[in-house]
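This report goes through selected contacts of side chains, a pocket and a sheet, in that order. The sequence and the structure are shown first.

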Amino acid sequence: MKVENHVSIENKAVAKWVEEMAELCQPDQVVYCDGSEKEKERLTHQALTTGEVELLNQEKLPGCIYHRSNPNDVARTEHLTFICTRKKDDAGPTNNWMDPKEAYEKLADIFKDSMKGRTMYAIAFIMGPAGSPLSKVGIQLTDSIYVVLNMRIMTRMGQVALKQLGSSDHFTKCLHGKADLNIDRRFICHFPEDNTIWSVGSGYGGNALLGKKCLALRIGSYLGHTQGWMAEHMLIVGIENPQGEIRYIAAAFPSQCGKTNLAMLVPPDVLKKKGYKVWTVGDDIAWLQPGPDGRLWAVNPEAGFFGVAPGTSSKSNPNALATIQRNTIFTNVLKKQDGTVWWEGMDGEPPAEGINWKGEHWTPASKEKGAHPNARFTAPISQCPSVSSEYDNPKGVPISAIVFGGRRARVAPLVYESMNWDHGVYVGATMASETTAAATGQVGVVRRDPMAMLPFLGYHAGDYFQHWFNMGSKVKNPPKIFHVNWFRTDESGKYLWPGFGENLRVLLWILERCEKKGKGTQTPIGFVPTQDALNLEGISLTGAQVEKLLHVDKNEWREELASHVEFFKKIGECLPKKIREIHASLTNHFQS
Ligand code: GTP
Ligand code: SPV
Ligand code: MN
């Protein structure tokens with residue numbers, strides 16, 4: 001087996017592990033990546049020759065490439081994702097579990113000789129800013145150039161990561177292989193006790209870019225639980241007021257529920273004119289830890305966006321659109337005749353024809369969508385016009401408010417503030433959302449998705465809730481906790497709230513509440529803005545619409561609280577007593 005070193009591998013633990021995995025997978029050669037521009041060019045060139053990626057119009061989209069994944073491999077597969085702890089109970093009732101020994105054997109069978117005729121790339125990467133005490137180093141092995149090219153956008157990769165690792169053997173071992181992309185031989189297995197991830201049979205997003213959901217959330221949440229920090233499915237955004245002060249908010253919404261959009265929000269004109277600005281720190285994942293000043297601090301472990309393309313337009317998310325004009329990888333969107341790209345919900349008329357996400361000729365009359373609903377762009381955060389100067393700060397940013405949210409046509413008001421940290425944890429733990437195309441399976445079904453982490457927890461959900469309670473007592477000035485819902489509808493199914501940039505109005509109320517200023521009415525579920533508390537200058541909403549948006553319907557909430565009990569049953573004995581106590585007290589509030 002040939003080994004190509006573009007970096008010098010002095011770390012013995014790394015070299016030994018790579019050798020063992022190469023022995024298993026039998027690639028023709030092993031290539032250690034350095035993360036350089038030259039390497040990117042070389043790999044892109046190779047992937048173009050095999051058709052793994054296609055070149056887009058280099059005049060209009062410089063540095064951009066296109067990838068079409070296997071049509072059976074276009075979203076995360078939650079039913080094929082496993083937490084492999086020695087004790088089944090440690091994975092908890094919300095995760096699929098496999099015995100580690102069985103999982104290693106089963107996957108080794110699939111990995112065995114699977115890279116014959118292929119190259120194995122070894123990618124050292126950091127999740128988190130270089131030099132941050134919160135950062136973690138991983139080594140990913142993969143037989144997909146598409147994955148390497150994505151990892152170099154999404155993470156700090158190559159030399160910089162090996163330098164940070166030094167001679168330490170503390171790194172997450174991430175083995176990834178496409179094998180034959182057979183869904184019956186697809187498994188995404190996490191071994192938190194061994195700091196190891198094995199993923200086989202998929203080349204898509206969260207299944208294959210192992211630094212993202214696998215390391216930064218599943219392994220991360222497990223490490224956070226043992227080490228006293230938190231790994232969360234949260235965006236991080238900074239709001240600058242006209243006085244030039246910036247406050248940071250972290251918000252957890254399930255997949256395809258608006259994190260990227262909120263993270264890159266463009267203020268509506270009336271607020272822009274007053275001097276409000278919005279800064280993007282992260283759009284998907286936050287690692288949070290108590291700071292020495294008694295506040296909670298957050299870093300974004302990623303260096304890029306793996307964002308949902310459909311629905312991205314100059315109206316909904318102009319910052320995203322500006323970010324993806326160069327050096328971007330487009331996956332499963334529609335490729336136009338002129339070598340540019342299109343998706344449903346983009347500006348202007350649909351193109352007269354193109355090649356759709358399945359590789360078929362497409363016209364607006366086609367039954368099939370042009371872009372897959374979970375089509376994505378991969379782009380460096382540094383290209384975002386609203387990128388925060390703090391995104392690379394090893395210390396992170398202090399968090400003033402935590403926001404939970406989901407897609408709820410009914411029940412949940414536009415915004416409400418929890419009564420205190422513990423009640424806020426309850427709000428997060430019992431949140432629910434309608435399912436989306438980010439994972440395979442039915443779309444539009446309401447499911448409980450605690451803290452938007454249901455598919456991303458690396459341990460028992462009950463212990464996770466307790467960890468949240470404990471973190472609150474570790475932080476002297478914990479952030480206030482809120483819940484938002486941009487997706488409430490009227491009788492005809494239309495969204496009541498205009499959303500997108502207008503969401504800043506809600507964030508401003510949230511920040512006012514953090515400073516004990518904004519006006520709120522107490523309801524049994526917490527504080528909602530008074531009718532006049534939200535700044536609605538320049539948008540046309542009637543008083544009746546605002547009332548509907550903020551309404552807390554007693555009957556709906558009684559039903560909602562009753563259904564929480566079903567969820568508690570699922571969590572079982574590990575459910576913290578405090579959750580039941582808060583449930584009892586909320587139920588009481590609704591007795592009258
Ligand atoms: P993941 O990357 O899967 O974690 O998704 P995300 O949470 O980052 O969601 P994203 O911002 O990409 O938005 C997903 C979909 O929700 C897109 O189709 C958006 O257009 C839509 N969306 C986002 N914000 C709003 C909003 O405020 N109102 C409405 N109605 N739709 C929104
Ligand atoms: C999500 O599904 O929450 C994503 C996309 O951010 S993936 O990387 O595929 O998990
Ligand atoms: Mn996500």
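In this predicted model, the charged end of Arg513 sits over the ring of Phe527, at 4.9 Å from the centre of that ring. A contact of this kind is also formed by Arg407, which lies over the face of Phe487 at 4.2 Å from the ring centre. The table sets out the two contacts.

| Charged residue | Ring | Distance to ring centre |
|---|---|---|
| Arg513 | Phe527 | 4.9 Å |
| Arg407 | Phe487 | 4.2 Å |

**Aromatic pairs**

A pair of aromatic rings is described by the distance of the centres and the angle of the planes. The count of aromatic pairs in the model comes to 20. For Phe82 and Phe187, the ring centres are 6.1 Å apart and the planes stand at 45°, so this pair is classed as tilted. Elsewhere, ring pairs join Tyr104, Phe111, Phe191 and Trp198 into a cluster.

**The second largest pocket**

The volume of the second largest pocket is about 400 Å³. Its lining is made up of 21 residues, of which Ser400, Pro478, Pro479, Lys480 and Cys514 are the closest to the pocket centre. Several elements contribute to this lining, and at least two residues come from each of β15 (246–252), β26 (397–405), β30 (480–484) and α14 (503–514). When the lining residues are sorted by class, eleven are nonpolar, four are polar and six are charged.

**An open antiparallel sheet**

Strands of a sheet pair through backbone hydrogen bonds, either parallel or antiparallel. Here four strands form an open sheet in the order β22-β21-β23-β24, with antiparallel pairing. The edges of this sheet are β22 (341–342) and β24 (361–362), each of which pairs on one side only. Strand β21 (residues 334–336) is joined to β22 by two bridges, and these strands run antiparallel. Which residue of β22 is the bridge partner of Lys335? The partner of Lys335 in that strand is Val341.

Note on methods
Residues numbered from 1 in each chain as written. Chains lettered and ligands numbered in written order. Predicted model: local features only at pLDDT ≥ 70, side-chain atom pairs only at ≥ 80, totals over all residues. Heavy atoms only, no water. 1 Å grid on protein atoms, 1.4 Å probe; cavity = no way out; pocket = protein on both sides within 12 Å on 5 of 7 lines; lining within 4 Å. Points joined across faces, edges and corners; volume = space filled by probe spheres on them. Nonpolar A, V, L, I, M, F, W, Y, C, P; charged D, E, K, R; others polar. Phe/Tyr/Trp six-rings, centres within 6.5 Å; stacked < 30°, edge-to-face > 60°. Lys NZ or Arg CZ within 6 Å of the ring centre and 35° of its normal. Pairing = 2+ DSSP bridges.
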